[in-house]
Amino acid sequence: MKRHPCNITENQMHQALREEEFKLFLQPKVHLKNGTVTGAEALVRWISSDGRTFFPNDFIPLFEQNGFILSLDHYMLKQACRLIHFWIKNHLPPVPVSVNQSRQTFLKPDYVSRLQELIKTWQIPDGFLILEITEGIALKNETELNSLLSQIRTLGILTSMDDFGTGYSSLTVLGNLRIDELKLDRGFLLNAAEPSNTRARIIMEHTLQMAARLQIPTVTEGIETKEQAELARDLGSIYGQGYFYGKPMPVEEFHTRYILQ
């Protein structure tokens with residue numbers, strides 16, 4: 001669907017949140033060896049009352065600047081919890097759902113207490129909610145951050161390092177932070193898939209091997225072809241995500257394709 005220019009006012013943001021115009025879309029996460037769907041990433045689309053669709057790049061940068069990202073992050077967490085609860089309540093096989101969290105949200109003083117309230121309200125079992133964070137969060141004091149990750153894990157919530165490899169502290173992050181999952185940025189795969197780029201394949205393979213030795217499950221993002229899926233698998237990635245398996249889709253479509261089978 002065509003993207004539309006997004007000139008957003010403060011009133012529009014809050015009205016869209018009240019009227020639930022921010023929609024939860026899901027992209028499947030697949031086990032690379034057997035092709036089964038083992039989870040989903042929650043992604044947001046803003047579908048306005050007049051039918052226009054806005055994509056994250058249209059509004060997330062603005063929300064991060066004006067602070068509205070705090071409200072949107074919490075809303076998306078709530079939607080993910082509500083969905084998991086729906087699956088369980090209706091005796092459907094749930095899958096873990098990953099939800100992106102901004103640095104502002106993740107480092108708020110009351111973050112853990114708000115997570116605890118969501119887990120209690122929606123009765124989310126251990127391991128079914130995953131928080132996706134970026135390397136930028138690692139700029140916080142390492143000891144304090146690991147303490148925060150430990151508190152989150154105590155609630156039964158896992159954390160995933162998203163876009164790994166895009167920053168400068170990748171190996172430090174991998175070695176020092178107690179994360180539960182590592183998502184390799186699609187740039188890893190694109191470079192490794194180049195026939196002449198043996199150096200990129202070596203780097204990707206050894207990154208996956210290091211994660212395996214640290215007992216951190218890995219996800220390769222941006223898989224668009226069968227050949228890329230096979231390469232990611234052969235280099236040691238456990239899970240894959242990308243258009244080859246499915247684009248971000250409305251919850252109803254995800255239900256039909258993966259939950260109601």
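## Strands, helix faces and charged links

Strand β2 and strand β4 (residues 97-100) run parallel and are joined by 3 bridges. Two strands count as paired here if DSSP finds at least two bridges between them, and the strands (E, at least two residues) and helices (H or I, at least four) are DSSP runs numbered from the N terminus. Within this pairing, the partner of E41 in β4 is S98.

Before we go on, a word about the model. It is predicted, so local features need pLDDT of at least 70 and side-chain atom pairs count only at pLDDT 80 or more, while totals for chains, interfaces and linings use all residues. Residues are numbered from 1 along each chain as its sequence is written, and side-chain values use heavy atoms, with hydrogens and water left out.

Let us stay with E41 and look at its charge. E41 forms a salt bridge with K183, with 3.1 Å between the closest N and O atoms; a salt bridge means a side-chain nitrogen of Lys or Arg within 4 Å of a carboxyl oxygen of Asp or Glu. Because E41 lies in strand β2 and K183 in strand β7 (residues 181-184), this pair ties together parts that are 142 residues apart in sequence. Both E41 and K183 are buried, where buried means under 20% relative accessible area, exposed over 50% and partly exposed in between (1.4 Å probe, protein chains only).

K183 also meets the side chain of E221 in a salt bridge, at 3.5 Å from N to O. Since E221 belongs to strand β8 (residues 218-221) and K183 to β7, this link ties together parts 38 residues apart in sequence. K183 and E221 are both buried. What network do these contacts belong to? E41, E132, K183 and E221 are linked in a network of salt bridges. The whole structure holds 10 salt bridges. Another of them joins D110 to K108, where the closest N and O atoms are 3.8 Å apart. D110 is partly exposed at 30% relative accessibility, and K108 is partly exposed at 31%.

Now for the rings. The structure holds 13 aromatic pairs, counted when the ring centres of Phe, Tyr or Trp (its six-membered ring) lie within 6.5 Å; planes under 30 degrees apart are stacked, over 60 edge-to-face and the rest tilted. F22 and W46 have ring centres 4.9 Å apart and planes at 45 degrees, so this pair is tilted. F22 sits in strand β1 (residues 22-31) and W46 in strand β2 (residues 37-47), so the pair links distant parts of the chain, 24 residues apart. F22 and W46 are both buried, and together with F54, F59, F63 and F68 they form one aromatic cluster.

Helix α11 can be read in a similar way. Its buried residues are V251, F254, H255 and I259. They cover an arc of only 105 degrees around the axis, which puts them on the same side of α11. E252 and T256 are exposed on the face turned away from the buried side of α11. Among the elements covering its buried residues are β1, β2, α3 and β10 (249-250). F254 and Y258 are 4 residues apart in α11 (residues 251-259), so about one helical turn separates them.

Finally, two charged side chains meet rings. The charged end of K29 sits over the ring of Y239, 5.2 Å from its centre, and R45 lies over the face of F25 at 5.6 Å from the ring centre. Such a charge has NZ of Lys or CZ of Arg within 6 Å of the ring centre and within 35 degrees of the ring normal.

Methods. Arc of directions from axis to C-beta. Contact = heavy atoms within 4.5 Å.
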